[in-house]
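Here are a few notes to go with the structure, for when you first open it.

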Amino acid sequence: MEEIMEGFLKYSSDPYTSISQWKEKNNKKVIGIFPMHIPHEIIHAAGMLPVSVWRGDESVTLAHSHIPPYNCGIARSFIDDVLKVKLSFMDGLICFRQCLPAAAVPFPIEMNAPFPYMEFLYFAAAFYGVKGEYPSQIVLDFLMEDLDRLKEGIEKHFDLKITKEALNNSIEIYNKNRKLLRKLYDLRREKGEILKAREMMAIVHSSMLMPKEEHNVLLERLLTKLESVKPTSNGQHKVILTGGLCQTINYSVLDLIEETNMTVVDDDLYIGSRSFLNDVEVSEDPIRAFADQYFKKTPPCPTKADWKVDWTGYIIDIVKKSDAKGVISVLIKYCPPHLCYYPDITNKLREVDIPEVLLEVEHEIVSLEQTRTRLQSFREIMERT
(Lines give C-alpha, C1' and ligand atoms only; values in the text may rest on other atoms or scores of the structure.)
Protein backbone atom coordinates (compact mmCIF):
# COMPACT_ATOMS: atom_id res chain seq x y z
CA MET A 1 0.00 0.00 0.00
CA GLU A 2 2.78 2.44 0.87
CA GLU A 3 4.50 1.84 -2.46
CA ILE A 4 1.26 2.33 -4.39
CA MET A 5 0.34 5.49 -2.52
CA GLU A 6 3.82 6.89 -3.08
CA GLY A 7 3.15 6.68 -6.82
CA PHE A 8 0.15 8.99 -6.40
CA LEU A 9 1.67 11.26 -3.77
CA LYS A 10 4.82 12.15 -5.66
CA TYR A 11 2.77 13.82 -8.39
CA SER A 12 0.26 15.48 -6.08
CA SER A 13 2.81 16.75 -3.54
CA ASP A 14 5.44 17.96 -6.04
CA PRO A 15 4.02 18.23 -9.57
CA TYR A 16 6.85 20.55 -10.64
CA THR A 17 9.54 17.91 -10.20
CA SER A 18 7.45 14.88 -11.19
CA ILE A 19 6.13 16.33 -14.45
CA SER A 20 9.43 17.89 -15.53
CA GLN A 21 11.22 14.58 -14.86
CA TRP A 22 8.55 12.71 -16.84
CA LYS A 23 9.03 15.11 -19.75
CA GLU A 24 12.80 14.71 -19.74
CA LYS A 25 12.54 10.92 -19.55
CA ASN A 26 9.92 10.55 -22.30
CA ASN A 27 10.88 13.48 -24.52
CA LYS A 28 7.24 14.51 -24.94
CA LYS A 29 5.45 17.81 -24.62
CA VAL A 30 3.37 18.95 -21.63
CA ILE A 31 0.28 21.15 -21.96
CA GLY A 32 -1.21 22.93 -18.94
CA ILE A 33 -5.01 23.13 -18.85
CA PHE A 34 -6.92 25.47 -16.57
CA PRO A 35 -9.79 23.66 -14.78
CA MET A 36 -12.52 22.48 -15.20
CA HIS A 37 -14.19 21.37 -18.47
CA ILE A 38 -11.65 21.25 -21.30
CA PRO A 39 -11.39 17.65 -22.61
CA HIS A 40 -7.87 16.40 -21.88
CA GLU A 41 -8.36 13.58 -24.37
CA ILE A 42 -7.67 15.95 -27.28
CA ILE A 43 -4.19 16.68 -25.92
CA HIS A 44 -3.60 13.02 -25.07
CA ALA A 45 -4.59 11.97 -28.60
CA ALA A 46 -1.90 14.35 -29.92
CA GLY A 47 0.75 12.34 -28.04
CA MET A 48 1.29 14.96 -25.34
CA LEU A 49 0.67 15.03 -21.58
CA PRO A 50 -2.27 17.20 -20.48
CA VAL A 51 -2.06 18.40 -16.87
CA SER A 52 -4.60 20.38 -14.87
CA VAL A 53 -2.86 23.48 -13.57
CA TRP A 54 -2.48 23.51 -9.82
CA ARG A 55 -2.27 25.88 -6.91
CA GLY A 56 1.34 26.96 -6.40
CA ASP A 57 3.52 25.97 -3.46
CA GLU A 58 4.52 29.52 -2.49
CA SER A 59 2.75 32.65 -1.30
CA VAL A 60 1.71 34.93 -4.14
CA THR A 61 4.04 37.88 -4.73
CA LEU A 62 4.75 38.85 -8.37
CA ALA A 63 1.23 38.10 -9.58
CA HIS A 64 -0.28 40.85 -7.44
CA SER A 65 1.18 43.36 -9.87
CA HIS A 66 -0.97 41.86 -12.61
CA ILE A 67 -4.13 40.43 -11.03
CA PRO A 68 -6.26 41.68 -8.11
CA PRO A 69 -5.67 40.10 -4.69
CA TYR A 70 -9.40 39.38 -4.47
CA ASN A 71 -9.18 36.78 -7.26
CA CYS A 72 -9.18 33.12 -6.26
CA GLY A 73 -6.02 31.38 -5.09
CA ILE A 74 -5.45 29.16 -8.11
CA ALA A 75 -5.69 32.09 -10.55
CA ARG A 76 -3.27 34.22 -8.54
CA SER A 77 -0.81 31.45 -7.68
CA PHE A 78 -0.69 30.06 -11.22
CA ILE A 79 0.16 33.45 -12.69
CA ASP A 80 2.73 33.83 -9.91
CA ASP A 81 4.35 30.51 -10.84
CA VAL A 82 4.53 31.55 -14.50
CA LEU A 83 6.14 34.88 -13.68
CA LYS A 84 8.63 33.13 -11.39
CA VAL A 85 9.57 30.82 -14.29
CA LYS A 86 8.57 27.72 -12.31
CA LEU A 87 6.57 26.24 -15.19
CA SER A 88 9.11 26.45 -18.00
CA PHE A 89 8.65 22.71 -18.66
CA MET A 90 5.14 23.39 -20.01
CA ASP A 91 4.94 23.72 -23.79
CA GLY A 92 1.52 25.29 -23.84
CA LEU A 93 -1.48 26.56 -21.91
CA ILE A 94 -5.21 26.24 -22.60
CA CYS A 95 -7.70 28.41 -20.71
CA PHE A 96 -11.38 29.17 -21.12
CA ARG A 97 -13.95 31.63 -19.86
CA GLN A 98 -15.72 29.83 -17.04
CA CYS A 99 -15.72 32.59 -14.40
CA LEU A 100 -14.30 36.07 -13.90
CA PRO A 101 -10.99 34.98 -12.26
CA ALA A 102 -10.37 32.27 -14.89
CA ALA A 103 -11.12 34.69 -17.73
CA ALA A 104 -8.38 36.99 -16.44
CA VAL A 105 -5.65 34.32 -16.30
CA PRO A 106 -4.23 34.21 -19.86
CA PHE A 107 -3.79 37.93 -20.50
CA PRO A 108 -1.03 38.89 -17.99
CA ILE A 109 0.73 35.67 -19.00
CA GLU A 110 0.46 36.51 -22.70
CA MET A 111 1.85 40.01 -22.11
CA ASN A 112 4.69 39.10 -19.72
CA ALA A 113 5.70 35.42 -20.05
CA PRO A 114 3.82 33.68 -22.87
CA PHE A 115 3.98 29.94 -23.41
CA PRO A 116 5.08 28.70 -26.85
CA TYR A 117 1.46 27.67 -27.48
CA MET A 118 -1.58 29.36 -25.94
CA GLU A 119 -5.28 28.94 -26.60
CA PHE A 120 -8.28 30.68 -25.06
CA LEU A 121 -11.69 29.01 -25.42
CA TYR A 122 -15.10 30.50 -24.71
CA PHE A 123 -17.57 27.65 -24.03
CA ALA A 124 -20.99 29.30 -24.22
CA ALA A 125 -22.76 29.71 -20.88
CA ALA A 126 -26.40 30.08 -22.01
CA PHE A 127 -27.81 26.63 -22.71
CA TYR A 128 -31.56 26.89 -23.32
CA GLY A 129 -33.24 27.73 -26.59
CA VAL A 130 -36.21 30.09 -26.92
CA LYS A 131 -38.56 27.12 -26.70
CA GLY A 132 -36.76 25.61 -23.71
CA GLU A 133 -34.75 23.04 -25.68
CA TYR A 134 -31.51 21.95 -24.04
CA PRO A 135 -28.98 22.59 -25.30
CA SER A 136 -30.04 25.04 -27.96
CA GLN A 137 -28.66 24.28 -31.41
CA ILE A 138 -26.81 27.60 -31.47
CA VAL A 139 -25.00 26.85 -28.22
CA LEU A 140 -24.19 23.29 -29.30
CA ASP A 141 -22.75 24.51 -32.61
CA PHE A 142 -20.74 27.21 -30.81
CA LEU A 143 -19.16 24.70 -28.42
CA MET A 144 -18.32 22.21 -31.16
CA GLU A 145 -16.70 25.00 -33.21
CA ASP A 146 -14.66 25.94 -30.13
CA LEU A 147 -13.49 22.34 -29.66
CA ASP A 148 -12.72 21.99 -33.37
CA ARG A 149 -10.68 25.18 -33.16
CA LEU A 150 -8.72 23.71 -30.25
CA LYS A 151 -8.02 20.49 -32.16
CA GLU A 152 -7.01 22.29 -35.36
CA GLY A 153 -4.87 24.80 -33.48
CA ILE A 154 -2.90 21.99 -31.83
CA GLU A 155 -2.45 20.23 -35.16
CA LYS A 156 -1.17 23.40 -36.83
CA HIS A 157 1.13 24.57 -34.03
CA PHE A 158 2.74 21.19 -33.34
CA ASP A 159 2.60 19.96 -36.96
CA LEU A 160 0.69 16.74 -36.32
CA LYS A 161 -2.65 15.10 -37.03
CA ILE A 162 -5.22 14.10 -34.41
CA THR A 163 -7.27 11.29 -35.92
CA LYS A 164 -10.70 10.06 -34.92
CA GLU A 165 -9.13 6.75 -33.99
CA ALA A 166 -6.60 8.44 -31.71
CA LEU A 167 -9.37 10.45 -30.03
CA ASN A 168 -11.49 7.37 -29.39
CA ASN A 169 -8.48 5.48 -28.05
CA SER A 170 -7.79 8.32 -25.62
CA ILE A 171 -11.46 8.41 -24.64
CA GLU A 172 -11.33 4.70 -23.78
CA ILE A 173 -8.21 5.18 -21.63
CA TYR A 174 -9.79 8.12 -19.79
CA ASN A 175 -13.11 6.30 -19.37
CA LYS A 176 -11.25 3.41 -17.78
CA ASN A 177 -9.70 5.83 -15.31
CA ARG A 178 -13.10 7.31 -14.49
CA LYS A 179 -14.56 3.83 -13.95
CA LEU A 180 -11.73 2.85 -11.59
CA LEU A 181 -12.11 6.06 -9.58
CA ARG A 182 -15.86 5.51 -9.29
CA LYS A 183 -15.15 2.00 -8.02
CA LEU A 184 -12.74 3.43 -5.44
CA TYR A 185 -15.44 5.80 -4.21
CA ASP A 186 -17.92 2.91 -4.00
CA LEU A 187 -15.47 1.03 -1.78
CA ARG A 188 -15.03 4.05 0.48
CA ARG A 189 -18.78 4.37 0.97
CA GLU A 190 -19.02 0.62 1.67
CA LYS A 191 -16.00 0.14 3.90
CA GLY A 192 -15.61 3.39 5.77
CA GLU A 193 -12.16 4.58 6.74
CA ILE A 194 -10.10 2.62 4.24
CA LEU A 195 -8.31 5.78 3.12
CA LYS A 196 -7.65 9.13 4.74
CA ALA A 197 -9.29 12.18 3.17
CA ARG A 198 -5.88 13.54 2.14
CA GLU A 199 -5.02 10.21 0.49
CA MET A 200 -8.24 10.21 -1.53
CA MET A 201 -7.65 13.76 -2.69
CA ALA A 202 -4.05 12.93 -3.65
CA ILE A 203 -5.27 9.97 -5.72
CA VAL A 204 -7.76 12.09 -7.64
CA HIS A 205 -5.34 15.02 -7.96
CA SER A 206 -2.60 12.79 -9.36
CA SER A 207 -5.04 11.54 -12.02
CA MET A 208 -5.00 15.09 -13.39
CA LEU A 209 -1.21 15.28 -13.50
CA MET A 210 0.31 11.94 -14.44
CA PRO A 211 -0.17 9.86 -17.61
CA LYS A 212 -3.54 8.13 -17.45
CA GLU A 213 -2.02 4.79 -18.44
CA GLU A 214 0.28 4.87 -15.38
CA HIS A 215 -2.52 6.06 -13.13
CA ASN A 216 -4.77 3.21 -14.30
CA VAL A 217 -2.13 0.63 -13.38
CA LEU A 218 -1.71 2.12 -9.90
CA LEU A 219 -5.48 2.28 -9.38
CA GLU A 220 -5.95 -1.36 -10.33
CA ARG A 221 -3.25 -2.38 -7.87
CA LEU A 222 -4.79 -0.21 -5.15
CA LEU A 223 -8.30 -1.57 -5.70
CA THR A 224 -7.03 -5.15 -5.49
CA LYS A 225 -5.53 -4.35 -2.09
CA LEU A 226 -8.58 -2.49 -0.80
CA GLU A 227 -11.10 -5.13 -1.87
CA SER A 228 -9.66 -7.47 0.74
CA VAL A 229 -9.78 -4.86 3.52
CA LYS A 230 -12.56 -5.40 6.05
CA PRO A 231 -15.05 -2.58 6.70
CA THR A 232 -14.00 -0.37 9.60
CA SER A 233 -15.93 2.03 11.81
CA ASN A 234 -14.69 3.90 14.85
CA GLY A 235 -18.03 5.52 15.54
CA GLN A 236 -17.04 8.67 13.69
CA HIS A 237 -19.67 10.91 12.16
CA LYS A 238 -19.97 10.47 8.39
CA VAL A 239 -19.80 13.69 6.38
CA ILE A 240 -19.52 14.72 2.75
CA LEU A 241 -17.59 17.63 1.28
CA THR A 242 -19.04 19.93 -1.37
CA GLY A 243 -17.60 22.88 -3.29
CA GLY A 244 -13.83 23.20 -3.61
CA LEU A 245 -14.09 24.20 -7.27
CA CYS A 246 -10.92 24.10 -9.38
CA GLN A 247 -8.28 23.49 -6.72
CA THR A 248 -7.08 21.18 -3.98
CA ILE A 249 -8.04 21.80 -0.38
CA ASN A 250 -5.28 22.32 2.14
CA TYR A 251 -4.49 18.86 3.51
CA SER A 252 -4.30 20.27 7.04
CA VAL A 253 -7.99 21.15 6.80
CA LEU A 254 -8.82 17.59 5.73
CA ASP A 255 -6.80 16.25 8.65
CA LEU A 256 -8.71 18.50 11.06
CA ILE A 257 -12.00 17.01 9.92
CA GLU A 258 -10.80 13.56 10.89
CA GLU A 259 -9.19 14.77 14.11
CA THR A 260 -12.57 16.11 15.24
CA ASN A 261 -14.17 12.66 15.04
CA MET A 262 -15.57 12.86 11.52
CA THR A 263 -14.87 10.80 8.44
CA VAL A 264 -15.36 11.87 4.82
CA VAL A 265 -17.32 9.16 3.01
CA ASP A 266 -18.11 10.99 -0.24
CA ASP A 267 -17.69 14.36 -1.89
CA ASP A 268 -18.91 16.81 -4.48
CA LEU A 269 -15.52 18.40 -5.20
CA TYR A 270 -13.68 19.15 -8.43
CA ILE A 271 -10.59 17.35 -7.11
CA GLY A 272 -13.05 14.57 -6.37
CA SER A 273 -16.16 13.01 -7.84
CA ARG A 274 -16.92 15.90 -10.22
CA SER A 275 -13.88 15.08 -12.33
CA PHE A 276 -14.81 11.49 -13.15
CA LEU A 277 -18.58 11.18 -12.83
CA ASN A 278 -19.41 11.17 -16.56
CA ASP A 279 -17.81 9.09 -19.30
CA VAL A 280 -17.36 10.29 -22.87
CA GLU A 281 -19.03 8.19 -25.55
CA VAL A 282 -16.80 6.40 -28.06
CA SER A 283 -18.39 7.40 -31.36
CA GLU A 284 -17.93 8.42 -34.97
CA ASP A 285 -17.91 12.06 -33.86
CA PRO A 286 -15.65 12.47 -30.80
CA ILE A 287 -16.01 16.27 -30.83
CA ARG A 288 -19.78 15.91 -30.45
CA ALA A 289 -19.16 13.37 -27.68
CA PHE A 290 -17.06 15.92 -25.75
CA ALA A 291 -19.83 18.49 -26.18
CA ASP A 292 -22.44 16.01 -24.94
CA GLN A 293 -20.38 15.34 -21.83
CA TYR A 294 -20.12 19.06 -21.14
CA PHE A 295 -23.89 19.47 -21.34
CA LYS A 296 -24.59 16.79 -18.74
CA LYS A 297 -26.72 18.23 -15.95
CA THR A 298 -25.03 16.17 -13.26
CA PRO A 299 -22.99 17.09 -11.45
CA PRO A 300 -24.61 20.54 -11.40
CA CYS A 301 -21.96 23.14 -12.13
CA PRO A 302 -22.36 26.77 -11.04
CA THR A 303 -20.06 27.95 -13.87
CA LYS A 304 -22.50 26.88 -16.58
CA ALA A 305 -25.18 29.50 -15.86
CA ASP A 306 -27.96 26.90 -15.90
CA TRP A 307 -30.75 28.70 -14.04
CA LYS A 308 -32.74 25.47 -13.72
CA VAL A 309 -29.99 23.64 -11.87
CA ASP A 310 -30.75 22.22 -8.41
CA TRP A 311 -27.33 21.91 -6.84
CA THR A 312 -28.77 21.39 -3.36
CA GLY A 313 -30.93 18.48 -4.49
CA TYR A 314 -27.83 16.83 -5.90
CA ILE A 315 -26.01 17.31 -2.58
CA ILE A 316 -28.95 15.82 -0.68
CA ASP A 317 -28.83 12.76 -2.95
CA ILE A 318 -25.13 12.26 -2.11
CA VAL A 319 -25.92 12.54 1.61
CA LYS A 320 -28.58 9.84 1.32
CA LYS A 321 -26.44 7.60 -0.90
CA SER A 322 -23.50 7.70 1.50
CA ASP A 323 -25.60 7.62 4.71
CA ALA A 324 -23.83 10.77 5.85
CA LYS A 325 -24.91 12.86 8.82
CA GLY A 326 -23.79 16.28 7.65
CA VAL A 327 -22.34 18.45 4.89
CA ILE A 328 -19.14 20.50 4.97
CA SER A 329 -19.21 23.27 2.36
CA VAL A 330 -15.69 24.17 1.28
CA LEU A 331 -15.76 27.63 -0.26
CA ILE A 332 -12.64 28.81 -2.07
CA LYS A 333 -12.30 32.45 -1.05
CA TYR A 334 -13.39 34.84 -3.84
CA CYS A 335 -15.03 32.06 -5.90
CA PRO A 336 -17.95 33.91 -7.60
CA PRO A 337 -19.82 30.84 -8.94
CA HIS A 338 -19.92 29.09 -5.55
CA LEU A 339 -20.72 32.31 -3.70
CA CYS A 340 -23.77 32.89 -5.88
CA TYR A 341 -25.25 29.47 -5.12
CA TYR A 342 -24.25 29.06 -1.49
CA PRO A 343 -27.21 30.90 0.13
CA ASP A 344 -29.63 28.56 -1.65
CA ILE A 345 -27.62 25.52 -0.56
CA THR A 346 -27.43 26.36 3.13
CA ASN A 347 -31.10 27.42 3.29
CA LYS A 348 -32.41 24.27 1.61
CA LEU A 349 -30.22 21.96 3.70
CA ARG A 350 -31.58 23.65 6.81
CA GLU A 351 -35.14 23.05 5.57
CA VAL A 352 -34.54 19.28 5.38
CA ASP A 353 -32.65 19.16 8.71
CA ILE A 354 -29.25 18.24 7.27
CA PRO A 355 -26.50 19.89 9.38
CA GLU A 356 -24.09 21.97 7.32
CA VAL A 357 -21.06 24.12 8.05
CA LEU A 358 -19.13 26.52 5.83
CA LEU A 359 -15.32 26.46 5.71
CA GLU A 360 -13.82 29.32 3.72
CA VAL A 361 -10.34 28.36 2.54
CA GLU A 362 -7.61 30.33 0.82
CA HIS A 363 -4.35 29.68 -1.00
CA GLU A 364 -2.47 31.43 1.76
CA ILE A 365 -2.39 30.03 5.32
CA VAL A 366 -5.77 29.88 7.03
CA SER A 367 -6.42 29.91 10.78
CA LEU A 368 -6.45 26.22 11.57
CA GLU A 369 -7.50 26.74 15.19
CA GLN A 370 -10.50 28.76 14.10
CA THR A 371 -11.33 25.99 11.63
CA ARG A 372 -10.95 23.40 14.39
CA THR A 373 -13.43 25.31 16.58
CA ARG A 374 -15.99 25.48 13.76
CA LEU A 375 -15.62 21.75 13.10
CA GLN A 376 -15.98 20.87 16.78
CA SER A 377 -19.16 22.92 16.99
CA PHE A 378 -20.44 21.26 13.84
CA ARG A 379 -19.76 17.80 15.26
CA GLU A 380 -21.72 18.70 18.41
CA ILE A 381 -24.64 19.85 16.26
CA MET A 382 -24.65 16.50 14.43
CA GLU A 383 -24.62 14.66 17.75
CA ARG A 384 -27.83 16.44 18.75
CA THR A 385 -29.68 15.71 15.50
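1. A definition to begin with: the expected span of a helix is 1.5 Å times one less than its number of residues. Keep that in hand for helix α8, which covers residues 164-191 and has 28 residues. From its first C-alpha to its last, α8 reaches 40 Å, close to the 40 Å expected. Do bear in mind that this is a predicted model.

2. Next, look at how α8 sits against helix α9 (residues 197-207). The two pack at an angle of about 175°, with their axes 12 Å apart. Angles over 145 degrees count as roughly antiparallel, and α8 and α9 are therefore roughly antiparallel to each other. On the α8 side, the contact is made by Asn177, Leu181, Leu184, Tyr185 and Arg188; α9 brings Met200, Ile203, Val204 and Ser207. Sorted by class, that contact has 6 nonpolar, 2 polar and 1 charged residues.

3. In what order do its strands lie? It is an open sheet of 4 strands, running β2-β1-β3-β4, and the pairing is parallel. At the edges stand β2 (49-52) and β4 (117-121), each with a single partner strand, so one side of each has no neighbour in the sheet. From one strand to the next, the twist averages 20°.

4. For a closer look at one pairing, take β1 (residues 30-33) and β3 (residues 92-96): they run parallel and are joined by 3 bridges. Here Gly32 stands opposite Leu93 in β3.

5. Which helix packs on the sheet, touching β1, β3 and β4? That is α7 (residues 137-158). The direction of α7 makes about 170° with that of β4.

6. Helix α7 also packs with helix α12 (residues 286-294), at an angle of about 125° and with their axes 9 Å apart. That makes α7 oblique to α12, and the crossing is right-handed. In α7, Leu140, Leu143, Met144, Leu147, Asp148 and Lys151 meet Ile287, Arg288, Phe290, Ala291 and Tyr294 in α12. The residues of this contact divide into 8 nonpolar, no polar and 3 charged.

Conventions:
Residues numbered from 1 in each chain as written. Predicted model: local features only at pLDDT ≥ 70, side-chain atom pairs only at ≥ 80, totals over all residues. Heavy atoms only, no water. Pairing = 2+ DSSP bridges. Axes fitted to C-alpha atoms, helices over the stretch in contact; angles between N-to-C directions. Contact = heavy atoms within 4.5 Å. Parallel < 35°, antiparallel > 145°, perpendicular 65-115°, else oblique. Left-handed = near helix turned anticlockwise from the far one by under 90°. Nonpolar A, V, L, I, M, F, W, Y, C, P; charged D, E, K, R; others polar.
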